[in-house]
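Please examine the structure shown below alongside the text.

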Amino acid sequence: MRSLLWSWLTLLSHYRRHPSQTLFLLLGLITGVALWSAVHIINAHARASYAEADQLLDAQASHWIQAPNGRVALSDYVALRRAGFRQVYPVLELRLSTLDNQPLTLIATDLMAMSASRTSPTQEQSNSRVDMRAWSQLSQPPYAVWVPASLANSLPLQAGQRLTLRDGRQLPPAVTDSQPRQGQRLFMDIGAAAITLGETHLSYLAVGAIDPAELKRLDQWLNQYAPQLKRRSNQQPLDLTELTASLHIHLNAMSLLAFAVGLFIVFNAVRFALHSRASTLTTLRELGVSARTLTSAIVLEGFTLSLIGTALGLAAGFGLSQLLLPAVAATLQHLYGAVLDQRLLLQPQVLLQAWLLTSVGLLMALVWPLWQRSRQGVLAQRQGVDVLQQEQRSQRRLAISAAVLLAIALLSYPWLNSLAHGFALLAALLFAGAWLLPWLASQCLHWLSQNAKPGLAQWCWAEGQVQLGPLRPALMAMLLALTANFGVDNLVGSFRQALDNWLQQRIAADVYVQSEQLDAHQLSQYAWLLDSHERNGLRLRWQGRPTLIRGLDPSAPDVQQLPMASQSYPQGGAAWPDDGILANEQVQHLAGKQLGDVIYLPLGNGEQQRFTLAGFYYDYGNPYFQFYLPYQRVAQLWPNAQPQGLALWLDEDANMTEVEQALVEAGAQPGDWIDRRAILQLSLRIFDRTFAMTAAINTLTFAVAGIALLAALLAIHQQRLPHYAHWRAMGVSWREWLQLTAVPLALCLMLTWVLSIPLGSALAWLLIHDINVLSFGWTMPLQWQGRPALLLALLCLGVTAIAFAIAALQVRQRLPYALKQLGADE
Amino acid sequence: MLHINQLNKSFDQPDGKVSVLQQASLQLEAGQSAALLGESGSGKSTLLHLIAGLDRADGGEIWLQQQPLHQFSDEQFNQLRRTQLSLIFQQYHLVPTLSVFDNLSLQARLTGNLDDDFRQHLIATLGLGPLLKRLPQQLSGGQQQRVAIARSLLHRPALVLADEPTGNLDENTSQQVMQLLSQLVRDNGSSLLMVTHSPAMAAYCDHSWRLQHGRLEAELSA
């Protein structure tokens, strides 16, 4: 034990004397853990949020009571309360727009009624979270609106300020603080909302915890006194968990990639630290420390480092997750309507998982050199080994492993049918590329040194072979980062291009109106109205997933040009097939349906309606199954279908002021409509925000790879300083030194960049053609873009230049000392 | 104390097997010192390595304080090196990241046999007092070898094996180091077996042996 302790302390003294190595090792661990844990914390937080997705300020609705037209009369709510249903509370949910068209959701409820609906002990406990004084502030003039702090920042809106809406209405003074389960929603007291916003109806009624007998009585009451109201149980948390599963797998995969890149720094640093201490390790063996004790001391050192790295990495990850949360919250809200709480909690299992990951990573870095050392006697350790030969053997082993990995990936590709398999293929592709790189670089350098002119040029390429060993993990890390960036850039670029084209076709009308009061027929008298398209729809469950039914006019211009993936009937004016139904691609890819298949959809009365699949249309970004039917058929089969808005095609010369005036006269409120340009801009803005998280992780991964390169270069130059001193003594000039060290490095990095292009293209292809279809159920063409490759080349060049300049500066500072050491004993 | 009987050792070389020790025998009593002389490549260092268990003999016996080292396992040799033996090398083999104080204390700490008074005595005798906080790279060759000597003696080993301890030092420094080493070994009651090229350094030892053609031959006492 004593021997272990002193060996451990002796080994640790290395880090005290070499703070830059310690810094890079910890930096690798910290950045890797930070990136992984940030995404993991957010994912865990999001999943926890789904479980409480239906909660509003900590009140959980077990059921919802809704009216077919989406408007519940206040009198029905009052009658229910008078009938003794104290579990019922009112909810007003409004979609608002700011002056610059930013969409907002406002929720208003009766806080006292909602509070009374809570019955479980945990819910009662959480009551205390909302301050009673703040409640009274909400319900008494001048009233108040709770605005989450992050939303207030993005608007921007100061505490006490009033937010002006697009239709000119003003909200009460803002209280910029987030309440539990408020998400990115504005919150008001329902009375205040009715007075300040002029709302006379409720959106729906929520039912808190209710026992089966009371539920039965509620159903009976509704049947007898308010048959137009329908109760449905709340399945939102279940739906969200299912819908978002793929997104979370994607985020996890990206964070693991970032972690892997971080581990390359650790790998390099650990190997270098072991190499630097080779003499110390042998001295300890000569002093009688057994190989087993020494191995235990090294493992203990790894354990110590993993503890420090995990603790600091988690702290950094927690901070990073706070920064990334708004981007993820925006993604989840826009894609799935999921509301994320803005307060993050660090769970103990994340800590344990992060520590296990770092420990495994460190062990992986340590196992091979320790095994090699354990096979050598003490004398052989002192005599040293041929590092170059050993490196070449390693390169060959890695290249063979890469070939095997590629073969397995290629052979298993035809059976690709699950996300796990898809990500395993991606990992195999990435690591095969990374393992192949050192061998390719070595072959390239070897060929160049064989064919170069004798002299400096030949020496330069030979020097490259020497540098390649310590540079190997950094090059592999850079390749992973470049490939991931290039692949994901192409994926996102293709997606944006496809979405843009699709939106141009789908959002074909000039103005979209969403108003319950609008009299569409009144608009037909205007000459500037060329065409209009009214839609209705509803939401139901099909094959266990939330599904949207939309009723549309088959003769409307946008339906005539509906972008179809495949269809079995002639499009463009032809009569709609009798029992035909159009479905989005998601139905084809996720539910496995084909053209001509018969499907059954549930009707409101509990019966099933038979349809034949007549076509699949593109529907990018929609997480739901969706079906299109003629408007009248939807209204006939589902009497509870609600209006889904009106699209208007205007004459080229139409005066927008006149159109807006006409819309107001027809019953719409200012703010109920949005023009085509605005909706296109909004859609693309939402898209960009959705992929903000992806871009952030990719950039950070690249930064980590840059650090890996810098760490490797510093290590190489520190190790080779005595050689550089010899070169100087031989008369090698500073310029020649630069040529000898920078040119092979530039060649290796250029090769890395070149290899990242086919690898990144393959990655994008797999992501688009397989993973995306398996995850989200829609297809799109791969738009290969050269711009990201060029940008990445410039970025890679910049990172390399900075890293090399720092390392060269250090050599310049230390070289005089190294020269003095020439001729010294050791 | 140390008995070597008919020790054999050969190495495989590209041009065939080279025999460096052939029936080599040697005796060293407790508290005595002996110098091993011989040409480069004659096998002097190999003999030290075999005694310390850093390499294995092809045949023959090595006895240290009635212990059959030729039958020792690796683990027993580790224990032996930690407690009863110590090694001094031409290249000093100090830990570059430990201070002089920590370096000279290292082996005694590993054995758990650290005598503070004796440490102070060694520091004073070897003149290391002003150097204790320095790192090895901040010392001259002679100073580094003095630290290595202190490290090798602090845990009071029965036998000190020194492989050309003055090989890297100038004549004056070599003499100072040898005076200190032989005096301290004697004071400590340890035995010393030292490999050297130099008859002048061998003169500090009680006996001299010459290794020639794989065999050990006693030379006249200095």
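A polar contact is a pair of N or O atoms within 3.5 Å; within protein, one must be able to donate a hydrogen and the other to accept it, and residues adjacent in sequence count only if both atoms are side-chain atoms. The model is predicted: local features need pLDDT of at least 70, side-chain atom pairs count only at pLDDT 80 or more, and totals for chains, interfaces and linings use all residues. Residues are numbered from 1 along each chain as its sequence is written, chains are lettered from A and ligands numbered from 1 in the order in which they are written, and side-chain values use heavy atoms, with hydrogens and water left out.

Helices (H or I, at least four residues) and strands (E, at least two) are DSSP runs, numbered from the N terminus.

At the start of α22(A), a side-chain oxygen of A:N655 comes within 2.8 Å of the backbone nitrogen of A:T657. Helix α22 of chain A spans residues 656-665, and A:V659, A:A662 and A:L663 are buried in it (under 20% relative accessible area, 1.4 Å probe, protein chains only). The buried residues of α22(A) fall within an arc of 100 degrees, seen down the axis, so they line one face of the helix; the arc is taken over directions from the helix axis to the C-beta atoms. Elements that cover these residues by contact (heavy atoms within 4.5 Å) include the following.

| Element | Residues |
|---|---|
| β14(A) | 511-513 |
| α18(A) | 520-523 |
| β22(A) | 642-650 |
| β23(A) | 673-675 |

Just after α22(A), A:G667 has a positive phi of about 115 degrees.

In chain B, 4 strands form an open antiparallel sheet in the order β2-β1-β4-β5, where pairing requires at least two DSSP bridges between two strands. Strands β2(B) and β5(B) are at the edges with a single partner strand each, so one side of each lacks a neighbour in the sheet.

Notes. Buried < 20%, exposed > 50% of the residue type's maximum accessible area, 1.4 Å probe, protein only.
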